[in-house]
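Biologist: I have the model open. Can you walk me through it?
Modeller: Go ahead and ask.

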Amino acid sequence: MRVIIVGAGEVGSNIAASLADSHDVVVVDVDSETVEELTYSSDVLAIEGNGTSLSVLGDAGIGEADMLIASTDDDETNLAVCGTAKTTGDVFTIARVRNANFLDTWRQSAGAFGVDFMVSTNLLTAQDIVRVVGLPAAVDVDPFVGGLVQMAEFEVTEESEIAGRTVEAADTFEGLTFAALVRNGDVVIARGQTPIEAGNKAIVIGDPESVQAFSRTVAPATTPDEARDIVIVGGSDIGYQTARVLEDRGLGARLIEQDPERGRELAEALPGTLVMEHDGTDVEFLAGEHVDRADAVIAATESDEKNLLISLLAKNLGVRRTVAVVEEGQYTNLFEAVGVDVAINPREATAEEIVRFTQEGKIENLSLIEGRQAEVVEIEVDEASALAGRPIRESMAELPSGVVIGAITRGRAFVVPRGDTVVEPGDHVVLFVAADALSTVMSAV
Amino acid sequence: MSVRVDWRVSCRLVGTILKWLWVPLLLPLGLALYDGTRLLPFLAPMVGTVAVGFGLERLTDERDLRTREAFLMVALSWLSIALVGATPFVLAGEGVLGEPVNALFESMSGVTTTGATIIVDFERHSRAVLMWRAVLQWMGGLGILVLATAILSQLSVGGAQLMETETQTQDVNKLTPRISETAALLWKLYIGLTGLQVAVLYGLHLLGLAPEMTLYDAVAHAFTTISTAGFSPRGESIVAFSPAVQWAIVPFMAVGATSFVLIYFALQGNLDRVRDSDEFRFYVGILASFSLAVGGVLLVDGGPYTNLEAIARHSLFQVVSIVTTTGYASTDFNTWSSGAKHLLFVCMFIGGMAGSTTCSIKTLRWLVVTKAFRRDLFTAASPSAIRPVRLSGSVVDEETIRDIYAYTLVSLIFFIVATIFVVVDASRVGLAVTEFEAMGAAAATFFNVGPAFGIAGPLESYDPFPRSTKLAMTFLMWIGRIEIIPVLVLLTPSYWRS
């Protein structure tokens, strides 16, 4: 596959490095030094020029390219690059944007801006952060279909409400499907009458809100709910997006921002979040606001140094979990080494997401369960699939028993899979498949 | 010294309104013709207002209205319409209305949709004169200014300016890109609701449920219900009609005091807008809780009623009537216990929703004041918290909150000063007025409610008050209706000086 990457910053070069082994990669960047450096460091073709120019894209071989990734640090440039590339033919375009507004627009109208796949750096980072702090009861959480669907694995404890019930009795969440239980290391496909016992692990697939709600019934003591306390320090766009994602899950965080004007802006945009105007590194203040009792502190200022300081201060005050945003990728390990629980680098997260997207063929995404005993796979249904054009009940009868349809998304909307749901070509389906059924299922769907 | 205000522009626009005032005069004229009563009281002001209107229009060619001129125009137009409205009363010379101060009081009470009447003996007045009171209120209901805006569609910028001055709720809530279209839409809605009420009231008559409700009564009451105004051609107000009529009038008063923008959306089938409106829920909550409270008091102290239906009907009717500033009476609430009367007194200060025909402080302001105060309590304990005040999800800016606090405070000060004036002026002439009655009368005129308690009670008349008090009350009604600010601005010397 021939891939053109426009913008050779941290994200672009990261993607280039990941793809160089298996694909023909052409990198376009306006900066001559970057281009020169890249020519020597990676096995890629580096071209100097502006990616919004049709002739530059022509030089990069847009005519033969299968995919174009616009990953400069400027949103508008990335959109313009994709739009320009689309004028030359049917190249698959991927744009990286920071501003989640573009993502909203794109989600509402597929193909907007000439973009086929869009990744919002800040939103992606925010979702990563929320996943880390939001479901401490979960032993594993993986996003599918760009975060619309979550697969989560929970430990069922004695105190858990669902312990001792059957799957049917526990399945009270609209957007949630029980996929399987892990019992003594064995994967058991969840059927209506399967009992759930303490000590089992439950694997569920559903929309993030339902998974969050489910998490509360599984582990009420450790899962944050409305009363739980999450503190975000720093009103950067990532801080804002994190608060927004938390609000979407019904969690009201506290957000500390030093700049009064930005604070006001955030307070107006986040009705469910308590915004406070103060210096987040002021220990007196943090103590006065009982930040020590918070379940998690997220350091999301625009300065890495401050984020480190805030995380360490919070840790020192006794906060259980600290998450820091690190813009400079090479510091991630250092952060975690000195005591920050999780360090998240937005560019790395973005590059990973894009690479994951480009690498999978028919399988859009996958996740391994209990050492390959089962896989959760995301596929795009085509006309030839055994699932296409008929109710799930019918198609399931023909498939082996080790498969569960966890979630369906149509366009950007979540569809709850029920027996009479008809799967249409173009839908994304998240399947839970036991290892022994895998090859049969994959060839059928 | 040059003048900063181009008063000629304001007068020109007032003239444009005046030259159209012959149209509403047609209705009482027609009725006078039909009844065979004198035509001159209506013909003369028709000629006069058109002549003055054209005269004022000749003052200048300039039509663009700016903020300063808008204030003057708003204040002047209500005053001049009240003056025109008073002439038929003076010329007809029936009973106490023949006296010019009384006529001006009655006319101002009409256009400001107050509903406080000077009339003592309703039998002495011709149907045409009584209908003219109702027409004045109907015009005043949605605001002569909205009508004016529709006519003055050539005012591109000034139109929005005018509506803003009129509604005082910061955003105009334009329903259409053109202000003149919005105004036309509001008037269609208004006419539609009035027509519906006529049909309902007269329908009840045809069904035999309201023997007293003639077509004339149905029209006159519809005019003064939707406009939340409260003049009735009957001395006994709504007491004169059957319980069916009283029940039927309640929802129309409530609708008249509901934001017309919301009604518009509801008619469009957009019920989410209604459900999501914090102010609407607050307004309905106020009506419900005060009705229950009054009903509870009447139930406990026995009240003058024997059955539960009557208690429910009168408590609901009176609360809705006073909160919406309509001022109709379904019963003589003067005879109620002190507790029930005090609850009604509190209702005078509430008012209906912003963007409706109602007066008083309005639920929007009370809701913002309540929310802002709750926020302030929170930030007192948590000084670094930033908590915007939200209304139906959107943020109310701090400047608006300050304006609303100021407005509410100024209103209460005006009310206190007015009360003192009434007490002092009444005792000067030896009129026995208790403090509660004085407070009631001051609130009823300033907040454009209409009837109060005691000598200004629902079935009484404002006639016994001395002439000076009547003039003061006329002033109160005027500034109360245009929400004080335009008049206060005019009274500021710097407004006039450069």
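**Strands, interface and a buried arginine**

Modeller: To start with a strand pair, Val233(A) stands opposite Ile256(A) in S13(A). This is a predicted model, in which local features need pLDDT of at least 70, side-chain atom pairs count only at pLDDT 80 or more, and totals for chains, interfaces and linings use all residues. Residues are numbered from 1 along each chain as its sequence is written, chains are lettered from A and ligands numbered from 1 in the order in which they are written, and side-chain values use heavy atoms, with hydrogens and water left out.

Biologist: In which sense do S12 and S13 of chain A pair?
Modeller: S12(A), residues 230-233, and S13(A) pair in the parallel sense over 3 bridges. Two strands pair if DSSP finds at least two bridges between them; strands (E, at least two residues) and helices (H or I, at least four) are DSSP runs, numbered from the N terminus.

Biologist: Which way do the side chains of S13(A) point?
Modeller: Arg254(A) and Ile256(A) point one way, Leu255(A) and Glu257(A) the other, and all are buried. Buried means under 20% relative accessible area, exposed over 50%, partly exposed in between (1.4 Å probe, protein chains only).

Biologist: Now the interface. How much area do chains A and B bury?
Modeller: About 950 Å² between them, 57% of it on carbon and sulfur atoms. That is the accessible area (1.4 Å probe) that two parts lose on being put together, summed over both. Arg264(A), Glu268(A) and Leu274(A) supply 47% of the area that chain A buries against chain B, more than any other three residues.

Biologist: How many salt bridges between the chains?
Modeller: The count is 1. Glu398(B) and Arg264(A) meet in it through their side chains, at 2.9 Å, N to O. The criterion is a side-chain nitrogen of Lys or Arg within 4 Å of a carboxyl oxygen of Asp or Glu.

Biologist: Which strand of chain B does S14(A) join?
Modeller: S1(B), residues 385-386; the two run antiparallel, with 2 bridges. Val275(A) has Ile386(B) as its bridge partner there.

Biologist: Different topic. Is Arg133(B) buried or exposed?
Modeller: Buried, with a relative accessible area of 1%. Arg133(B) sits in helix H6(B), residues 127-142.

Biologist: What does its side chain reach in polar contact?
Modeller: The side chain of Thr117(B), at 3.2 Å. The backbone oxygen of Ser232(B) also lies 3.2 Å from a polar atom of the Arg133(B) side chain. A polar contact is a pair of N or O atoms within 3.5 Å; within protein, one must be able to donate a hydrogen and the other to accept it, and residues adjacent in sequence count only if both atoms are side-chain atoms.
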